[in-house]
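This report describes selected backbone features of one protein model. Please view the sequence and the structure before reading on.

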Amino acid sequence: MRAAIAFCIAALFVAASGKICWAAGTFEIAPTTLNLSPGESGLLYISNNGPEPVTMQIQPMDWTQDANADVLSPSDELFASPPLLRIPPGQRQIVRVLAAPRGAASEKDYRLLVSELPNAGRSAASVNVLLQFNIPVFVRTRQEKPQAAWSAITRNGQIQLVLQNNGPAAVKLSGIVVSRSKGVSSSLPGGLVYVLPGARHDWSLIDDGAPSLQIAARDARSGLSLDADIAVQR
């Protein structure tokens, strides 16, 4: 099912995702995630429902993670055509996205940066807030079950909760709930979290002396549970 990000605005505001949207019109990008096979192309649809033409730049990026942070660098394995496009008002254009064939069986992860470029015809005195969309792209040969391991250790008066992704595919988490032996439950901060293959994600929790943590979580990509009951290492 194709999802769409719709930015429909009458004034400048900050959306729930934290993106700044500008009253120039309405953009739609679909899908919001691309799942490709090596050597096969996928399609990205960009619609301009606003009153002015827009120019968009498409930049394929390699995606890795380090210390809870995404690291992006220009890719020589993912390609987008056209890389630059101008969309008239009320029109939709298609971007073809292709991943180079790879021999590895594990998933390869990328991002597409879709950026609005300045409009030369716009007044220099006008407010010019440009948009950038960040689209995950996953390239894999087959569906893989998540292989994630939870651990918890006390450090500097806090509990460091860690999810290590030991599988060949990224896991996608949201709405993680932690319950303690004393009956206290709380949702982990940070919203949607991707953990790429071989990477880890950390959360810091208040240490209330609980000997164990019960984790309720689900991988949104596979739909499988990542629930766990883990002892706190002290």
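Where is the place of Asn68? Asn68 sits in the loop between β7 (54-66) and β8 (69-74).

## Basis of the report

The model is predicted, so local features need pLDDT of at least 70 and side-chain atom pairs count only at pLDDT 80 or more, while totals for chains, interfaces and linings use all residues. Residues are numbered from 1 along each chain as its sequence is written, and side-chain values use heavy atoms, with hydrogens and water left out.

Strands (E, at least two residues) are DSSP runs, numbered from the N terminus.

## Positive phi at two asparagines

Asn68 is not a glycine, yet its phi is positive, at about 70 degrees. The residue is partly exposed, with a relative accessible area of 37%; this term covers values between buried (under 20%) and exposed (over 50%), with a 1.4 Å probe and protein chains only.

Asn156 also has a positive phi without being a glycine, in this case about 55 degrees. The loop that holds Asn156 runs between β14 (148-155) and β15 (158-165). With a relative accessible area of 78%, Asn156 is exposed.

Between Ala30 and Pro31 the peptide bond is cis, and its omega is near -5 degrees. Pro31 belongs to the loop between β4 (27-30) and β5 (34-36).

A cis peptide bond also leads from Ser81 to Pro82, with omega near 0 degrees. Pro82 lies in the loop between β9 (78-81) and β10 (84-87).

Conventions
Helix = DSSP H or I, 4+ residues; strand = E, 2+ residues; numbered from the N terminus.
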